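Subject: Structure handover

Hello,

Here is the structure for you to look through. Please open it beside this email and follow along.

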Amino acid sequence: MIVTTTPTIEGQPIREYLGIVTGEVIVGANLFRDLFANIRDIVGGRSGSYERILADARNQAIEELQAECATRGGNAVVGVDLDYEVIGDTGSMLMVSASGTAVKV
């Protein structure tokens, strides 16, 4: 399935628009991962553990988006937008949401 941030797919005319589709994932932070990330912040460098969690959450949100598109009979999603939010009283949760328009090409 084609998933793109562009409003069209070059060389593939959109035959039918099927509506907005979304995928949302909320993940919690782990105490030990937070501790090591804080140490990284002090000494510098990248937090590989957080980067992996972010990539996994983004992939899951896109997979949900694709599943909803397929349920509607689509074979592509155009105009995809990814959003990231820190939520929860202490900011210990991360929400990744993906939205776009399901289409048939």
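Glutamate 16 counts as partly exposed, because its relative accessibility is 36%. Here, buried means under 20% relative accessible area, exposed means over 50%, and partly exposed lies in between (1.4 Å probe, protein chains only). The side chain of glutamate 16 meets that of lysine 104 in a salt bridge, at 3.7 Å from N to O. A salt bridge means a side-chain nitrogen of Lys or Arg within 4 Å of a carboxyl oxygen of Asp or Glu. Side chains of opposite charge can pair when their charged atoms come close. Lysine 104 is also partly exposed, at 26% relative accessibility. Glutamate 16 is in strand E2 and lysine 104 in strand E4, so the pair ties together parts that are 88 residues apart in sequence. Helices (H or I, at least four residues) and strands (E, at least two) are DSSP runs, numbered from the N terminus.

How many salt bridges does the structure hold? There are two. Arginine 72 forms one with glutamate 68, and their closest N and O atoms are 3.1 Å apart. Arginine 72 is partly exposed at 36% relative accessibility. Glutamate 68 is partly exposed at 25%.

A word on how to read all this. This is a predicted model, in which local features need pLDDT of at least 70, side-chain atom pairs count only at pLDDT 80 or more, and totals for chains, interfaces and linings use all residues. Residues are numbered from 1 along each chain as its sequence is written, and side-chain values use heavy atoms, with hydrogens and water left out.

pLDDT is the predictor's confidence in each residue, from 0 to 100. The protein has a mean pLDDT of 85, and 79% of its residues reach 70 or more. Which element has the lowest mean pLDDT? Helix H1 (residues 31–43) does, at 52, while E1 has the highest, at 96. Where pLDDT is low, the predicted coordinates should not be read in detail.

Now the sheet. Four strands form an open sheet with mixed pairing, in the order E1-E3-E4-E2. E1 and E2 stand at the edges with a single partner strand each, so one side of each has no neighbour in the sheet. Two strands pair if DSSP finds at least two bridges between them. Strands of a sheet pair through backbone hydrogen bonds, either parallel or antiparallel.

Take the pairs in turn:

- E1 and E3 pair in the parallel sense over two bridges. Valine 3 stands opposite valine 77 in E3.
- E3 (residues 76–87) and E4 (residues 93–104) are antiparallel, with 10 bridges. In this pair, leucine 82 faces alanine 98 of E4, and glutamate 85 has methionine 95 of E4 as its bridge partner.
- E2 and E4 run antiparallel and are joined by 12 bridges. Glycine 28 has methionine 93 in E4 as its bridge partner.

Serine 97 is in strand E4. Is serine 97 buried or exposed? Serine 97 is buried, because its relative accessible area is 16%. Aspartate 83 stands opposite serine 97. Contact means heavy atoms within 4.5 Å. Beyond four places in sequence, serine 97 is in contact with Gly23, Glu24, Asp81, Leu82 and Asp83.

Next, the nonpolar cores. A nonpolar core is a set of buried Ala, Val, Leu, Ile, Met, Phe, Trp, Tyr and Cys residues joined through side-chain atoms within 4.5 Å. The largest has 15 residues, of which Val27, Leu65 and Val77 touch the most other members. E2, H2, E3 and E4 each give two or more residues to this core. H2 gives the most, with five residues. A second, separate core has five residues, including Ala76, Val78, Val103 and Val105.

Leucine 54 lies in helix H2 (residues 48–71) and is partly exposed at 30% relative accessibility. Not counting residues up to four places away in sequence, leucine 54 touches Tyr84, Leu94 and Val96.

Threonine 4 is in the loop between strand E1 (2–3) and strand E2 (16–28). Threonine 4 is buried, at 17% relative accessibility. Leaving aside neighbours within four places in sequence, threonine 4 is in contact with Ile9, Val77, Val78, Gly79 and Val80.

Best wishes
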